[in-house]
Amino acid sequence: MLLATAGGALAQERVGSTFFPQPTDGATRRFPAVAYYSTNDAYLVAWGIATPGVPSAAPIGARFVSAGGTPLGSPVAVNTTGLSPQVDGVGVACGPDACLVAWIEEPSSVAGRLVRYNNGAVQFVAGQFVINQNGLPKLTSAAPGVACASVGNEFLVSWTEFGPGTGVDVKAQRVNAGGSVEGPEIILAATSFYEGFPSLAYNSAQNEYTVSYYFESTNSSNVAVQRVQPGTGALIGGRNTLFGSLFDQYPEIAYNSRQNEYLAITWGFAGTGTDWMLHGQLANGNLEPVGPVQPLAFRGGGDGIGVAYNYVNNSYLCVYLSQTSNEIWGVVVNDKGVPGNQFQVTLSGTRLATQPSATGSLKSGRWLTVASENYAQVMGQIVEYGSPPPQPPGGPFTMTFGIAGSGLVTGPGFTCFTECSFVVQAGTRFVFNAVPAANHSFIGWSGNGDCWDGAAIVDANKVCTANFIPANTAPPLGTSLTRSLDLAGNGLGDIFLYSKQNGSWYSVYNDGKGGFNYSLGSAWSTGWSIYPANLQGILAADLFLYNPTTGQWYQALDNRTGGFGYTGGSWGPGWEITIGRFNGDTADDVLAYHPATRQWFLAYSNARGSVYYSIFNYFYASGWKIYPANFNGDALTDLFIYNPTNGLWHVGVNDGAGGFYWSSAQSWSPGWTVKIGDFSGDGIDDVFVYNPQHGWWFVCIRTPGGFNYRGGSWDPGWQLYVGAFNNDLLDDIFVYKPATGYYFECLSNGAGGFSYAGGKWDAPTWDLHVSELNGDRLSDLFLYNPTTGVWMRGWNNGAGGFTWGSGAWGAGWSLTMER
C-alpha cells in the first residue's frame, strides 16, 4: 500500500510555531485573508483594521510570508483613502503577475489594489481603485470574494450589497491585470430574500469562475453556486443549490484542479442545543453534487470558516473556530470527501482566535492558515499533511513473492513462476500483479498488510503471496450467489448453533450425505450477535461476535479442529454491523454504523486476528439501512443505503481508501424490503424491492447512470430470500409466507421478470435459511422450528423441487448459516 489518504498512515501536523504577520498595536484587526503567490512560492496575507477613536483612519494591511512560514518585509497599508469608519472584510487572490487585494469601504464602495512581491516586500503596481459601478450601500461584515483566471490573467471580485428593494444581493465585477474594471457589473443574485457572503474559485479545466453564496428562501437557508465566464462575465447556466434546509451562513468553496471537482463547506446547528456542525459537499466541474452532504467536524463553525485545496497531496484543509477551545482547528478532507481526524491548528494561548482563512501551496503538501487573535493581531500557522516518511533504517531487506494455487506474479522486470525473492535496499518500491492460470481465478493477496493493493515499500523483510483457486469453485465476481458458512473448509455448508439464553454453542458439520457431525464448544456469555466472516482470508469461515448491549466484540477465528481462537475489544454499545471486503484483500472486514450518532467506520482485518481502522465518518441523516453489494465488478464491497422511513437512497461505490463515491440522493416511497443480487447476469449487483403492505415489487437493474426498473405485483405478506435455484448464474428470489405455509421459487429471466415453482409446507412457522449445503452451487433450504427443535433439510434438485431430510435438535437455538 503506497498511498495514504485522510485518516490513513500519514498525519497532518503543525510546522513551526504560530507566528504573527501583524503584531498588536492597539488597533482592531478582523477578517484576514490569504492567497498563495506561485510565482515566488510565497503567501500574501491581508487584513482589515479599525483603529479605535480614529474612524477616518482605517487602513488595509498586507504582508508576504515565506513558504516556510516566516513573515517577510514589514506590514504595509494598502488603502490610501481613509474613507471607511469600519473596514472589516478583505479578499485576496494572486495571478501570475500580481495579487489583487479587495475590500469594502462604507458606505458604498468596493475598492482594490494590485501588489507584487519584491524581495519579500509588498510592492504596489498602481494606486487604489474603485471596483463597483453603483452607489448602493455594501455589507461591510461580508468580505468580498476574489479569484484569478489564469487564462487572460483576469480577476473576478464579488460582494454583498443592499438592493433597491428589501433584498440583499450578490454582485460581481471583472478586473484586468492592470487594475481597471472590465465590462458591466454582474448580477449573480437579486431577489427579495437575503443573499450574501460570496466565496470564489477558478476552474482551470473549464476556464470559468465559480461563486458560492448564502441565500434564504421562504422556509430554508441555502447555499447556491453560479458559474461565470471570464472575458465576458456571462452567467453559465443557472444556479445550483448544494446545501439546503438545515444549513446556515458563511459558505466557502475550493477547486480541485487534478480532478475538476470542488469541495464546498458551510456550517449550521447540529441539532443539539447550540452545537455547531461543519458540513461538506463535493461537486463536479459543472457544480452538480457528488454523493451526499458529509459532516466534517462536530462543534466546528461559528465565527468564520475556510477551505483550501493542496495540489501536491490532492486534499483539502477545512479550518474553523472550535466551539470548545477558542482556537482555530482543522480537518483534512481527501479527494473523495472523506474527512480525517480534527486537530488544533493555532496555539494562541488563552486569547480568542477567530475568522480563519487558508490557502494551499502548489509546491509542497502545506497550507497557510491565518486568523484574527482577539481582534487585535493577525496570526498564521503552517500546516502540513502527507510529508514523506523518513527513510527506513537498516537493510538490505528481502522481498518475497509466494504463489498459492496455479498462477504467477509479474512486475516491472521480473516474472515469478514459483516463489521468488529479491534482496533490495531499504525504501525500494515494488509494484506487482497476479496472473491466474487458465481456468483459475485470483482471489487476493495475503502476507504483509501492505500487499493487498499490489504495491509495497520494502522497509523490512516482507512476503506477499498471490492466492489462486479453480474458476469453478468461486461464483462470478460481483454477484451475490449464495455463500454458505463453511466451518470445515471442504466446500460444504455447515451450521453454527448458539443459545442466547445460556450461551452454549455447537459447530454442526455437514457430512455431504444428509447428516451432520457435532462439536460442542465452551459456553460463551449471552447476548451476542453473530456474523459469519472470512477473517483469515482462507476458504474456511470465521465468526465475528458483537454484543450490542455491552459494546464488546470478538473475532472468533476457526482453528479447523472444532474450536476458535479469539481476539477482541470494545466499541461501545449500539452499533449495527455489516461484513464485507472493503480494502480488496482476501479477508472480510467490518463496517460499523451507529444509528443514534450517524457515525460509521471501517475495521479492517489483517487476517491474523488484529484490526486497523478507517477514520470516523458521519452520514448526513439517521435511519439508514445498509446493504453490502458489488456495483462495479471489482474486488471491493460497495454499499446501498436506504431509509425505509422517508424513502431516500444512495449508492456508495468503494474507493478502496476508506471512503465511498456516493450517488446523489434519490427517493422512492417508504416501506420497501430491499434485497441485493445479480438478477440480470452482467456480473454486478442489482436491487430488488418489495412492499409487504401492498405487494408491489421492482427489479432495479444497475446501469452506469442509476437503475432501470421492471416491476409487478404479488399479494402482500411474503418473506424474501436471495439464492441461486437453477444453473443459469442468475440470482433468484425465494418467497415464503409463514401465515399460510406457501412458498415459491421466483426464477430470474435476466430481464427483470420471473418464472415460478412452488408448494406448501403444512407445519408451524419455520425459521428459514437459504444456503448451499452440498457443494453443487445451487441454493438449498434449511428449516428449523425453534419451539419444537424439529428441522428439515431440502437439497435443491435444480428442477424446481427439493429432496428432503429431517431430524430434531433441542428448542431455542439461533442458527448461523449464510455468509
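**Salt bridges and other spots**

Tutor: Let's begin with D588, which is buried, with a relative accessible area of 3%. Keep in mind that this is a predicted model.

Student: What does D588 form a salt bridge with?

Tutor: Its partner is R581. The closest N and O atoms are 3.0 Å apart.

Student: And R581, buried or partly exposed?

Tutor: R581 counts as partly exposed, because its relative accessibility is 22% and buried means under 20%.

Student: How many salt bridges does the structure hold?

Tutor: Six. One of them joins R366 and E384, with 3.6 Å between the closest N and O atoms. R366 lies in strand β28 (residues 366-373) and E384 in strand β29 (residues 377-385), so this pair ties together parts 18 residues apart in sequence.

Student: Is E384 buried or exposed?

Tutor: Buried, with a relative accessible area of 13%.

Student: Which side chain meets K737 in a salt bridge?

Tutor: D715 does, at 2.5 Å from N to O. Both residues sit in loops: K737 between β61 (732-736) and β62 (742-748), D715 between β59 and β60 (719-723).

Student: How accessible are K737 and D715?

Tutor: K737 counts as buried, at 12% relative accessibility. D715 is partly exposed, at 37%.

Student: You mentioned β59. Which strand does β59 pair with?

Tutor: Strand β58, residues 696-703. β59 covers residues 706-713. The two pair in the antiparallel sense over eight bridges.

Student: How many residues lie between them in the hairpin?

Tutor: Two residues separate β58 and β59 there.

Student: Which residue in β59 is the bridge partner of V699?

Tutor: R710.

Student: Where do side chains point in a strand?

Tutor: In a regular strand they alternate between the two faces of the sheet.

Student: New topic. Where is N510?

Tutor: In strand β40, which runs over residues 505-510. N510 is buried, with a relative accessible area of 6%.

Student: What does the side chain of N510 reach?

Tutor: The backbone oxygen of G493, at 3.1 Å.

Student: Which residues is N510 in contact with, leaving aside neighbours within four places in sequence?

Tutor: The list is N490, L492, G493, D494, G515, F516, L773 and N774.

Student: OK, now P251. Where is P251 found?

Tutor: In the loop between β18 (235-244) and β19 (252-256). P251 is buried, with a relative accessible area of 2%.

Student: How far apart are P251 and T266?

Tutor: In sequence, 15 residues. In space, 4.5 Å, C-alpha to C-alpha.

Student: What else is P251 in contact with?

Tutor: Beyond its neighbours within four places in sequence, P251 contacts F197, S199, S212, Y213, Y214, V223 and I265, along with T266.

Student: Last one, the surface. Which residues make the nonpolar patch of about 260 Å²?

Tutor: Y311, V312 and L362.

Student: Where is V312 found?

Tutor: V312 is in the loop between β23 (300-310) and β24 (315-322).

Student: How exposed is V312?

Tutor: Partly exposed, with a relative accessible area of 39%.

Note on methods:
Residues numbered from 1 in each chain as written. Predicted model: local features only at pLDDT ≥ 70, side-chain atom pairs only at ≥ 80, totals over all residues. Heavy atoms only, no water. Patch = residues over 30% accessible without salt bridge, like charges linked within 9 Å, V, L, I, M, F, W, Y side chains within 5 Å. Areas by Shrake-Rupley, 256 points an atom, 1.4 Å probe, with all protein chains shown as cover. Salt bridge = Lys/Arg side-chain N within 4 Å of Asp/Glu carboxyl O. Helix = DSSP H or I, 4+ residues; strand = E, 2+ residues; numbered from the N terminus. Buried < 20%, exposed > 50% of the residue type's maximum accessible area, 1.4 Å probe, protein only. Polar contact = N/O pair within 3.5 Å; in protein donor to acceptor, adjacent residues only side chain to side chain. Contact = heavy atoms within 4.5 Å. Pairing = 2+ DSSP bridges.
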